[in-house]
Amino acid sequence: MHPKWQERHLRHFRDALAALEAGDGAAACYNAYVSVEALLKGLLGFSPYGDLHRLERLSSLLEKAMGGKAPPEAVKCAKCLELRAFSDEGTRCVKCAEVIMEALYSLLSSRQ
């Protein structure tokens, strides 16, 4: 994974948590979405400086990253994040980001 994706993933997740604590649900949702998207694109080998024309749904990226074996709850959360990326349901968005990240981190640790 390119370090830029990892940095983007972590920065946006920290921003999501900070926004949630500050009561800004919209910023929490947006940053949770961007955090997960960065992690998925990094895992799939997208260029952080290109590939801007490649648009895919989070659930599709998740399935590809997990070899078609994404946990149903993670897929449900990917769809939820897409629908709520610009909503003010910060708690829900951050929880969904955590579910997806847990599935991806488990996949990464099993590869080592």
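A: We begin with contact, which means heavy atoms within 4.5 Å. The model here is a predicted one. With that cut-off, and not counting residues up to four places away in sequence, Ser35 touches His9, His12, Phe13 and Met101.

Q: Where is Ser35 placed, and is Ser35 buried or exposed?
A: A residue counts as buried when its relative accessible area is under 20%. Ser35 is in helix 2. Its relative accessibility is 0%, so Ser35 counts as buried.

Q: Which residues are in contact with Ala38, and where is Ala38 placed?
A: Ala38 also has its place in helix 2. Leaving aside neighbours within four places in sequence, the residues in contact with Ala38 are Trp5, Arg8 and His9. Ala38 has 1% relative accessibility and therefore counts as buried. Separation in sequence and distance in space can be read together: Ala38 and Lys4 lie 34 residues apart in sequence, with their C-alpha atoms 9.0 Å apart.

Q: How many disulfides does the structure hold?
A: A disulfide is a pair of cysteine sulfur atoms within 2.5 Å. The structure holds 1 disulfide. Cys29 is joined to Cys93, with an S to S distance of 2.1 Å. The torsion about this S-S bond is about 85°, so the disulfide is right-handed.

Q: Which parts of the chain does the pair link?
A: The linked parts are distant ones: Cys29 is in helix 2 (residues 25-43) and Cys93 in helix 5 (residues 90-111), 64 residues apart. Cys29 and Cys93 are both buried.

Q: Now helix packing. At what angle do the axes of helix 2 and helix 4 cross?
A: Two values describe such a pair, the approach of the axes and the angle between them. For helix 2 and helix 4 (residues 72-84), the axes come within 9 Å and cross at roughly 130°. Helix 2 is therefore oblique to helix 4. The crossing in which helix 2 passes helix 4 is left-handed.

Q: Which residues make that contact, and how many are nonpolar, polar or charged?
A: Helix 2 contributes Cys29, Ala32, Tyr33 and Val36, while helix 4 contributes Leu81, Glu82 and Arg84. Sorted by class, the contact has 5 nonpolar, no polar and 2 charged residues. Cys29 of this contact is also the cysteine joined to Cys93 by the disulfide.

Q: How is the pair of helix 2 and helix 3 read?
A: The steps are repeated for this pair. The axes of helix 2 and helix 3 (residues 58-65) come within 10 Å, crossing at roughly 35°. Helix 2 passes helix 3 in a left-handed crossing.

Q: Which residues meet there?
A: From helix 2 there are Tyr33, Val36, Glu37, Leu40 and Lys41, and from helix 3 there are Leu58, Leu61, Leu62 and Ala65. By class, this contact of helix 2 with helix 3 has 7 nonpolar, no polar and 2 charged residues. Tyr33 and Val36 take part here and in the contact with helix 4.

Conventions:
Residues are numbered from 1 along each chain as its sequence is written. This is a predicted model: local features need pLDDT of at least 70, side-chain atom pairs count only at pLDDT 80 or more; totals for chains, interfaces and linings use all residues. Side-chain values use heavy atoms; hydrogens and water are left out. Helices (H or I, at least four residues) and strands (E, at least two) are DSSP runs, numbered from the N terminus. Buried means under 20% relative accessible area, exposed over 50%, partly exposed in between (1.4 Å probe, protein chains only). Axes are lines fitted to C-alpha atoms, for helices over the stretch in contact, and angles run from 0 to 180 degrees between N-to-C directions. Angles under 35 degrees count as roughly parallel, over 145 as roughly antiparallel, 65 to 115 as roughly perpendicular and the rest as oblique. A crossing is left-handed if the near helix is turned anticlockwise from the far one by less than a right angle, and right-handed if clockwise. Ala, Val, Leu, Ile, Met, Phe, Trp, Tyr, Cys and Pro count as nonpolar, Asp, Glu, Lys and Arg as charged, and the others, Gly among them, as polar.
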